[in-house]
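Come along and look things up with me.

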Amino acid sequence: MILVTGATGTIGGEVARQLIAAGQKPRLLVRSPEKAKAFEGTAELFKGDLDDATALANALKGIDKLFLVTAGLDGARLEAKAIDAAKAAGVKHVVKLSVAGAEYEAITFAKWHRGNEKKLEASGLAWTFLRPGNFMTNSVMSADTIKRDGAIYSPVGDGKSALVDPVDIGAVAVKALTTSGHEGKIYTLSGPVALSTQEQADIIGKAIGRPVKHVDVPPEAARDGMLKAGLPEGYVNALIELYGVMKAGMTAAVSPDVEKVLGRKAGTFEAWVSRNAAAFK
Ligand SMILES: NC(=O)c1ccc[n+]([C@@H]2O[C@H](COP(=O)([O-])OP(=O)(O)OC[C@H]3O[C@@H](n4cnc5c(N)ncnc54)[C@H](OP(=O)(O)O)[C@@H]3O)[C@@H](O)[C@H]2O)c1
């Protein structure tokens, strides 16, 4: 039995959908069964919070494989609890969503993830680490300004990112959860090419039939905007660090791992945009 966390989110949702499409009936640990209604009947919905030790222990009963993802400021702490609970429950294999560059521990996101990678390495559990770069779906965060101003505001200059399609991350996770030979493996997951934000804007513009421009903003302005939008300060600081790394061109590396695991090419940004163009219109 496979337990998926984060099924109401981007990657956990992909993993759950693709496991079901592959004939599995996973258990999904969700805080809100209402939000997970689409999975009713095809998955076992288990209502619980990762921060609730009893719920977590019950959700893990009879589980041999765990797909572990959380988000936000508290994610690292929650994942650490889930790893301890998985070990106590006799789970065999944990597939953990991490981040590209975790090994350098250079920025906050990398430190959070590497900390829990190390915890898994020391746990005696089998593990697989998925280390994706920036998700293509992040573009949706600019949907409002694309609609309003025909613009993406982002403090990353000409820095390129080898954006990865969450569908590919989900597909690699499903391989790791349902086929053998992925224990102790680290997969760095990227798209097939690195794109600057203006190149991404051009692709979106072509799909929606009007030009989109990238407006490079100073990090301080980006910081103020995110704080005004209500994001917690610690999270905003971590994002500003990440933008600095992106601007410096350190998120541009293209990895062969999606193709190595799936035996097909990684999805392109053009293909992702054509499936999701409605979000920008
Ligand atoms: N975005 C990127 O470009 C990028 C790149 C590389 C790595 N990552 C990593 O990817 C992860 C985020 O993945 P994502 O985008 O799929 O996240 P997401 O869409 O924000 O979803 C997060 C999921 O975690 C669940 N969750 C949060 N707190 C929980 C709790 N206390 N108990 C139970 N469930 C809880 C949420 O449930 P609710 O629906 O109830 O809130 C949601 O289902 C992070 O670790 C991030 O560092 C992101």
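**Notebook: a walk from the ligand outwards**

I started with the shell around the ligand and sorted its residues by class: 10 are nonpolar, 10 are polar and 3 are charged. I keep in mind throughout that this is a predicted model.

**Entry 1, the ligand.** I counted the residues around the ligand and got 23, with Thr8, Arg31, Lys35, His113 and Asn138 as the closest. The side chain of Asn138 has an N or O atom 2.7 Å from an oxygen atom of the ligand. From the backbone, a polar atom of Thr10 comes to 2.9 Å from a ligand oxygen. Thr70 also uses a backbone N or O atom, and I noted 3.2 Å between that atom and an oxygen of the ligand. How much of the ligand does the protein bury? The ligand taken alone exposes 950 Å², and the protein buries 81% of that.

I found Asn138 in the loop between strand E6 (126-132) and helix H5 (143-149).

I searched the whole structure for aromatic pairs and found 5. One of them joins Phe109 and Tyr235: the ring centres are 5.8 Å apart and the planes meet at 85°, so I wrote this pair down as edge-to-face. What does this pair tie together? Phe109 belongs to helix H4 (residues 108-123) and Tyr235 to helix H9 (residues 233-247), so the pair ties together parts that lie 126 residues apart in sequence. I looked up burial for both partners. Phe109 is buried, at a relative accessible area of 12%, while Tyr235 is partly exposed at 22%.

My next pair was Phe269 and Trp272. The centres of these rings are also 5.8 Å apart, but the planes are at 10°, so the pair is stacked. Both residues lie in helix H11 (residues 269-276), 3 residues apart, which is about one turn of the helix. I found both Phe269 and Trp272 buried.

Back at Phe109, I saw that ring pairs link Phe109, Trp112 and Tyr235 into a cluster.

I then turned to the loop between strand E5 (93-97) and H4, where I found Ser98. Ser98 is buried, with a relative accessible area of 5%. What does the side chain of Ser98 touch? I found a polar contact of 2.7 Å between the side chains of Ser98 and Glu117.

I stepped back to count elements and got 11 helices and 11 strands. Of the 281 residues in the chain, 49% are buried. Last, I compared the chain with a compact globule: 281 residues would give a radius of gyration near 19 Å, and the chain has 19 Å, so the two agree.

Key. Residues are numbered from 1 along each chain as its sequence is written. This is a predicted model: local features need pLDDT of at least 70, side-chain atom pairs count only at pLDDT 80 or more; totals for chains, interfaces and linings use all residues. Side-chain values use heavy atoms; hydrogens and water are left out. A residue is near a molecule or strand if one of its heavy atoms lies within 4 Å of it. A polar contact is a pair of N or O atoms within 3.5 Å; within protein, one must be able to donate a hydrogen and the other to accept it, and residues adjacent in sequence count only if both atoms are side-chain atoms. Accessible areas come from the Shrake-Rupley method with a 1.4 Å probe; for residues, only the protein chains shown count as cover. Ala, Val, Leu, Ile, Met, Phe, Trp, Tyr, Cys and Pro count as nonpolar, Asp, Glu, Lys and Arg as charged, and the others, Gly among them, as polar. Helices (H or I, at least four residues) and strands (E, at least two) are DSSP runs, numbered from the N terminus. Rings of Phe, Tyr and Trp (its six-membered ring) pair if their centres lie within 6.5 Å; planes under 30 degrees apart count as stacked, over 60 as edge-to-face and the rest as tilted. Buried means under 20% relative accessible area, exposed over 50%, partly exposed in between (1.4 Å probe, protein chains only). The radius of gyration is taken over C-alpha atoms; the globule rule is 2.2 Å times the number of residues to the power 0.38.
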